[in-house]
Amino acid sequence: MAKRLKTKLIVIGATLLAGLVVLEITARVITYRSTPPGLAFDDDLIFTARPHATLWNVELNDIGAIGPDVATPKREGETRVFLLGGSTSYSPTYATAVDAAVRERNPDADLTVVTCGRPRYTSYNNLVNLRKNLLAYEPDVVVCYLGINDAIYNAFPFTGPLPDVGYFDWRAKDASLFATLVKYHFLDKRFRAGSDFGEPPFRSEAMLESHLREIVALGREHGFRVVLSTFAVSQPTTDRELIARVAREEELMRHFWGGVPSTLRAVARHNAVIERLATEFDLPLANVRDAIPHTSEFFTDLCHMTPAGQALLGAEIGRALGTLPWPTAVR
């Protein structure tokens, strides 16, 4: 009797183990297939992009950013402008618009504009990417157009500066990917994350300020100028089409940015931090927040822009670049 019970327990254990192995393999296969080929996981950044890859339908340059190649030695008299940000900066149109805005006022400028922003990047991701990767390519100007993604520090109050929630490395060796996915989708998103941040001040404010201060300090240390910008959102609006779009996407994004009211409060507080730092350090400030009309002609959702909106974004950034006192700046 005891022998048969022991055998039965062994069979049950082996079956359970085999089932867990199958679930683990399945989780890794699904995650692998959903990972874009141009994306590379990075312990310091969560993810980065492969040089010369096509990622999210955009062809990237020799450092995995958008714009001309910059891994080559800098030309004499060349001015390199690196645009930092999140998905709102992940756009060839944005880089082209900034370049056009500068050249319109200074046609002779030897200018190279590269946007290094990527979807989901917070101020911390941008700081680390700048420090770890971009300094090697000798930027002359670093533009920070960011603010909304830092709301994740409020929606996920348990995450550290590196917002390692929502992206999964199919090659991860330190933990079960199946268990990580279950924890994220059925525990973290449902019970631990919060879409209503309550009243400010928010946790994200201090984090944003700290990261921007470090970027300014890097500029002083390595000799590049920093340009800050307020962040634009499409609300409030009377545009019915735009209202409907934002409402449709709120459920998808609330676990990252929070519910729309909370997100708007966070962005407003972040803009206040950005304006205060620009004054404190006497930095050029692009007033993008007030430059983009809140209509579907310029916005596709809460913060992403149409080509017309990106043209206005680039023009406003270009005006801020024009205040810099170096030879190739717009005058």
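Colleague: Which residues does leucine 127 touch, not counting residues up to four places away in sequence?
Modeller: Leucine 127 touches His211, Glu214, Ile215 and Leu218, where contact means heavy atoms within 4.5 Å. Please note that this is a predicted model, in which local features need pLDDT of at least 70, side-chain atom pairs count only at pLDDT 80 or more, and totals for chains, interfaces and linings use all residues. Residues are numbered from 1 along each chain as its sequence is written, and side-chain values use heavy atoms, with hydrogens and water left out.

Colleague: Where is leucine 127 placed, then?
Modeller: Leucine 127 is in helix H3, residues 123–132. Helices (H or I, at least four residues) and strands (E, at least two) are DSSP runs, numbered from the N terminus.

Colleague: And is leucine 127 buried or exposed?
Modeller: Leucine 127 has a relative accessible area of 1%, so it is buried. Buried means under 20% relative accessible area, exposed means over 50%, and partly exposed lies in between (1.4 Å probe, protein chains only).

Colleague: How far is leucine 127 from arginine 213?
Modeller: Their C-alpha atoms are separated by 9.7 Å, while the two residues are 86 residues apart along the chain.

Colleague: Glu214 was among those contacts. Which residue forms a salt bridge with glutamate 214?
Modeller: The partner is arginine 131, and the closest N and O atoms are 3.1 Å apart. A salt bridge is a side-chain nitrogen of Lys or Arg within 4 Å of a carboxyl oxygen of Asp or Glu. Glutamate 214 lies in helix H6 (residues 203–222) and arginine 131 in helix H3, so this pair ties together parts that are 83 residues apart in sequence. Glutamate 214 is partly exposed, at 32% relative accessible area, and arginine 131 is partly exposed as well, at 39%.

Colleague: How many salt bridges does the structure hold?
Modeller: The structure holds 21 salt bridges. One of them joins lysine 183 and aspartate 188, at 2.9 Å from N to O. Lysine 183 counts as partly exposed at 37% relative accessibility, whereas aspartate 188 counts as buried at 5%. Arg75, Glu78, Arg80 and Asp110 are linked in a network of salt bridges.

Colleague: Let us change topic. How many aromatic pairs are there?
Modeller: A search of the whole structure finds 10 aromatic pairs. Rings of Phe, Tyr and Trp (its six-membered ring) pair if their centres lie within 6.5 Å; planes under 30 degrees apart count as stacked, over 60 as edge-to-face and the rest as tilted.

Colleague: Why is the pair of phenylalanine 47 and tyrosine 167 called stacked?
Modeller: Their ring centres are 4.8 Å apart and their planes are at 25°, so the pair is stacked. Phenylalanine 47 lies in strand S2 (residues 46–49), and tyrosine 167 in the loop between helix H4 (152–155) and helix H5 (177–192), so the pair ties together parts that are 120 residues apart in sequence. Phenylalanine 47 is buried, at 2% relative accessible area, but tyrosine 167 is partly exposed, at 24%.

Colleague: What about the rings of phenylalanine 168 and tyrosine 184?
Modeller: Their centres are 5.3 Å apart and their planes are at 65°, so that pair is edge-to-face. Phenylalanine 168 is in the loop between H4 and H5, and tyrosine 184 is in helix H5, 16 residues apart. Phenylalanine 168 is buried, with a relative accessible area of 15%, and tyrosine 184 counts as buried at 7%.

Colleague: Which residues is valine 143 in contact with, leaving aside its neighbours within four places in sequence?
Modeller: Valine 143 is in contact with Val81, Phe82, Leu83, Leu84, Tyr94, Val227, Ile317 and Leu321.
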